[in-house]
Amino acid sequence: MSTSGRTAPARRVGFDPDAVLAALATGSASQRLRHVHEVPARAASRAPWPEWVEPSVYAALAGSGVTSLWAHQRVAADLARSGTHVVMATGTASGKSLGYLLPVLSSLVEGASSPTGRGHTALYLSPTKALAADQLARLQSLAVPSVRAATYDGDTPTEERRWIRDHAQLVLTNPDLVHHSLLPLHQRWAPFLRALRFVVIDECHVYRGVFGSHLAALVRRLRRVCARYGSYPTFVLASATVRDPGLHASRLVGMPVTPVTDDGSPREALTFALWEPGEAGDGATRRSATSEAADLLAALVSRRVQTVAFARSRAGVEGLAASARRTLLDLDPSLAHAVAAYRGGYLPEERRELERALRDGRLVGLAATNALELGIDISGLDAVLLAGWPGTRASLWQQAGRAGRAGTRSLAILVAADDPLDTYVVNHPEVVFGQPVEATVLDPDNPHVLAPHLAAAAAELPLREDDLDLFGSSTRSLLDVLVAKGILRRRPTGWFWARTDRASDHVSLRGAGEVVGIVEQRTGRVLGTIDESSAHSQVHTGAVHVHQGQTYVVTDLDLDGGTATVAQGDPGWSTFAQSVSAFDIVEPTRARTWGPLEISFGTVRVHTQVTSFLRRLPSGEVIGTHPLDLPPRTLTTKAVWWTMPPEWLEAAGVTPDAVPGAAHAAEHAGIGMLPLVATSDRWDIGGVSTALHPDTGLPTIMVYDGHPGGAGFAERAFDAFGTWVRATRDTVHSCRCETGCPSCVQSPKCGNGNEPLDKEGAVRLLSAVLREEAAAALRSDQGPGTNPTYPQATG
């Protein structure tokens, strides 16, 4: 949607979130407002300017209106200046960037007097190109004399890249470019790396799970190459509020990191509402969070309340924006153009035009994925809508913090999706408010991640014996495997890359594997991209795909060529992929017994194949099932699973013929509730259940990490198994439906079309598990002869 050339709608004067919320919750909508929580205002804690700040840096900041510091900015800046690795973990809009800009810019100005003009350099890493571009815009507006900053990403023209390598003092980039360009071509970057004083890792809370493991390996490679050129930079990290940020940052960089967590910035009060949509038109299901949020967005925009609505998927964002625009055509046609969509997969010029339009007020409403969640400095937002639980409390508060940046009161509304976790949250507000955010899950030793990074490191510089400690205790055994496969060659002086291709091309940092381009058939224009694993279910031949409000049909998916060809046109239906799954248990590494139940954690192989797709009308009616010929995919990962004897299940009221549906329903609900105990999204995890598994000989339910080698989510589920199962049982039991619905046991990604499902059977099964937990706890209190948790030796 183009926004250029349009004037900004008139803004309303003042904002009263209580009055706006009361207007939204009038009439029948009053039943949808489940809870309102007031986050109190926070007073400022100020600190004096450090004496070491360069006068030109102070003058530039003062000229932009920054004349004082918050306490956390001063503490972090002093630590970084002294060479101490530091992480700032404070709230959204707390000015974390100033905490690293003070030491970085002062250092660059000091180094400008050297003969090369680059006595000191700095590297800024952002998880998104948009955030790096935003930071560059801020630096350019400051115009600190003698500081040359530039972004270096996939959009940077070839002719500019050499100038950046040779002349820029501050390079703003992302981990992908460090991996694919800077490290493999480190000789070209030698002068920059030799002078490297600071590495800034912004939004470091994003680096969790497999992405975090990749970044941890990448940082160790960067440290090793820097040491080759005699530099040992100070790492400065910025994070949203997370539990134990020092530990998380230390795992990322491989060295002790000092946390700064006392937020000294002021903030006005935030009104936070939990909202449960009403029934859909069929009276049997709940309205979707996307539809409900679209109506709320239109209502807020009609009141000139500048609002961002976060949705969890690309399709959800497009649908939300289109629905809000249609509603505004009835409410106030002059504002229909003031709503747009923002998500990953857009071309750079599309993203940046939308960012400008939101800043200057031409856009009053924006539907966005978390591409906008990450620290882009857009001020003046009044309200935030969250269409569905965003996966973690950390993401919830990060997204809610987008509002109120101008120092005014703000409004956030979480709209529950038709999903077990969302249902639980809006009916148990104590889960959100007054609870600490989750611990971030990160495994730097994941062998599926570390092994290809070791190969890439050897291609950059031959690995030596004294490098092994840098990469962890499993390094030597992984190197042996790489040598046996012919990837590396062992010599007396170390390990060498043994192939003719580029080692870095074999690693995708974001765990997505190959990328498939979505190409319009008529024009050849690339509409966007999607990772290869998601392409099987989202852009298969015959799939309906939405981009910027336009509907397309996929005419061909060429996995070998990496393209999905689409033709524009709306057929009037949507499509849903169906798949089959099975799993093999490779090695249990941890286990506990609760009476006759055995709960295990370990390595599994999951086999999945997309076999067909459904065509479904907007009413929900299925009008056709069509076979697909796609290759199976095998994933070796980590999982938590538990086994139950058939006679135990029958005693619990689950008869043999009911076991498949009860286990399947319990598996679905468990997947939906796992984000309550782990920093996962339900799309990061999968599950399989069976009435008789060949490896266990028993009915078995398994939930697994959806990433090669695991991401730490399943192990968190094992550690918090009782809490997880109890919340799952409570959600299914308290759901008002009769036989199961998306709010309890139905899954939006079930490859079997949500068949069979037995809601009451799942409640009986899960309740019986909890009775065994209570009995095991009682036996443990009574001393020896019980069934304790025990670790099993790994192979």
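## Burial and basis of the model

Of the 795 residues of the protein chain, 56% are buried (under 20% relative accessible area, with a 1.4 Å probe and protein chains only). The model is predicted: local features need pLDDT of at least 70, side-chain atom pairs count only at pLDDT 80 or more, and totals for chains, interfaces and linings use all residues. Residues are numbered from 1 along each chain as its sequence is written, and side-chain values use heavy atoms, with hydrogens and water left out.

## Fold and dimensions

The protein chain contains 24 helices and 30 strands, taken as DSSP runs (H or I, at least four residues; E, at least two). Its radius of gyration, over C-alpha atoms, is 27 Å, close to the 28 Å of the globule rule for 795 residues, so the chain is as compact as a globular protein of that length. That rule is 2.2 Å times the number of residues to the power 0.38. Along the principal axes, the C-alpha atoms fill a box of roughly 80 × 75 × 65 Å.

Among contacts (heavy atoms within 4.5 Å) between residues at least 6 apart in sequence, 74% join residues at least 24 apart.

## Nonpolar cores

The largest nonpolar core has 86 residues; such a core is a set of buried Ala, Val, Leu, Ile, Met, Phe, Trp, Tyr and Cys residues joined through side-chain atoms within 4.5 Å. Phe272, Val640, Trp642, Phe721, Trp724, Leu765 and Val769 touch the most other members. Beyond its neighbours within four places in sequence, Leu765 contacts Trp642, Met644, Trp648, Leu649, Val654, Ala662, Ala663, Ala666 and Ile701. Apart from this core lies another, of 40 residues, including Ile164, Leu193, Val225 and Val507.

Methods
Buried < 20%, exposed > 50% of the residue type's maximum accessible area, 1.4 Å probe, protein only.
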